Amino acid sequence: MRRKTEETMVYYVPDFVIEGVGYNALNKSRKDLLTIYQKLAFVPIVNTQMVLDDKEVKYFARNSKVLGGFVHEVLEAIEQKCKEGDCLLMDFPFAVNFAGYNKFVSYAKAKGTRIIFFVHDLDGIRFNNLFLNMIDSSCLDMADCLITASKRMDEVLFNNLKVSKKVKTINHDYWDYLLLDDTLNQHIDHMVCFAGNLSKSPFLSKLPASFVELGFTMYGKGYLPSYLGDYAGEYDPETLASILDGKFGLVWDGKSAKTCSGGIGKYLKINTSHKFGLYIATGKPVIVWSKGSLAPLVKEKRIGIAVNSLSEAASLLASFDQKEYEEMRENVLMLRKEVINGNHLSKVILSSLN
C-alpha cells in the first residue's frame, strides 16, 4: 500500500470549486472526496484550488491565459515532486472540463508515477456524444487504476470506450455523504422524498396518483408548477440532511415514471446517484430502479426496494407493515456509520493504491 511514507507519496490534483450553481451534488461530492484525501494524509500537488462562478465556467475553459497558468503550475509541481512509485490521484472529469488531463498524465507517467482516476462521470456515454467518448478514452486508457461506480461501468469502459483491460478497476458502488452533525434525521411524515436538480427530473410531472397520494415531497432547484407532490425548497447539503422528510428516499431519473428512460435515465444502469448517500446518511431506506446499478446492493443489504416503475413502488409501499420497514431501517443505520464519516470511500481509495 502506498501512502505518505519516506519512500512513496500519494498526491492529488485539487479539483475546481464552482460557485453559483446552487445546492447540488456537484460541489458536495467533490468536497467530500477532498476531505477524504486530506484525512488519508494525501498531499495536494499544488496549493491552488480554482474557485469559479458558474457564469464564468465556459469562459474559463476557453481562457488560455488563466487555464494555461493553472496547467503550468501543476505540470511544474509534477516535474519537481513526483518520482517513481508515487501515486497521483485525480477526479475525472474535473468540475470544469479542460484539456489538461493528458498533459498531467503524460508528465507523471514519464516520472514513473502511477495514475489513479476517481471516475465521477462518463459524459460521452451519458449524453451520447462520440467526440467526448474519444477524449475520455484517450485519457482513461493511460491510467493505472480507475475507481468506478460499478461493474457495468467497467464493461462500458472496456467494450465501448476501448480502454485497455490492463487498466485496473475498483468499484466504489455507492457514495458516502459526510456530515458535520451526525444527529439522526427523524422526519418521516411523508412516505417518499426526492432531492436533486429538479430541472433534470421531468418524470416529476408524470408521477402516478397512487404514488403521490402516499405522501411525496421534493427538494432542490428547478421546481416547475407541473411537478406533482409537495415542494419543500432548496437547502445546503448539511441543512438538507437534517430536514429531509420521508420514510423512503427515491433514486430515479429521466422522463418517465414507468421506467428510467432517456439518456439520463438509462445512465443509472452504470452509474450510482449521489443522492443514495444522502438518503443513507439520513437513515432512510431507498427506492431504486430495478435495472439500475444500485439494485443489487439494495437487495443484498435489504435497505429498500428495487422496482420497475413508480406505480409498482406505490403498490409495494401501500402494503408495507411497520416491522418490515423497521428491519430495513436498521440495515440502513448500520451502513450509515460508514457513509457519514467517509469510511467506505476511504477503504476503496486505499485499495486502489496497491
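Is C82 buried or exposed? C82 is buried, with a relative accessible area of 3%; buried means under 20% relative accessible area, exposed over 50%, and partly exposed in between, computed with a 1.4 Å probe on protein chains only.

## Basis of the model

This is a predicted model, in which local features need pLDDT of at least 70 and side-chain atom pairs count only at pLDDT 80 or more, while totals for chains, interfaces and linings use all residues. Residues are numbered from 1 along each chain as its sequence is written, and side-chain values use heavy atoms, with hydrogens and water left out.

## Overall fold

The protein contains 15 helices and 14 strands. These are DSSP runs numbered from the N terminus: helices are H or I with at least four residues, and strands are E with at least two. The radius of gyration is 21 Å, close to the 20 Å that the globule rule gives for 354 residues, so the protein is as compact as a globular protein of that length. The radius is taken over C-alpha atoms, and the rule is 2.2 Å times the number of residues to the power 0.38. Along its principal axes, the C-alpha trace spans about 60 × 40 × 40 Å.

Of the 354 residues, 54% are buried. Among contacts (heavy atoms within 4.5 Å) with a separation of 6 or more, 74% are between residues 24 or more positions apart.

## Surface and charge

The accessible surface comes to about 15,700 Å², and carbon and sulfur atoms account for 52% of it. Areas come from the Shrake-Rupley method with a 1.4 Å probe.

There are 43 positive and 41 negative charges, and their mean positions are 5 Å apart. Lys and Arg count as positive, Asp and Glu as negative, with His and the chain ends not counted. Each charge is placed at NZ of Lys, CZ of Arg, CG of Asp or CD of Glu.

## Cysteines

A search of the whole structure finds zero disulfides, a disulfide being a pair of cysteine sulfur atoms within 2.5 Å. For C82, the nearest cysteine sulfur belongs to C87 and is 9.7 Å away. For C260, the nearest is that of C193, at 16 Å. C260 is buried, with a relative accessible area of 2%.

## Surroundings of S242

S242 lies in helix α9, which covers residues 237-243. S242 is partly exposed, at 40% relative accessibility. Leaving aside residues up to four places away in sequence, S242 touches N185 and H187. The C-alpha atoms of S242 and L184 are 7.6 Å apart, although 58 residues separate the two along the chain.
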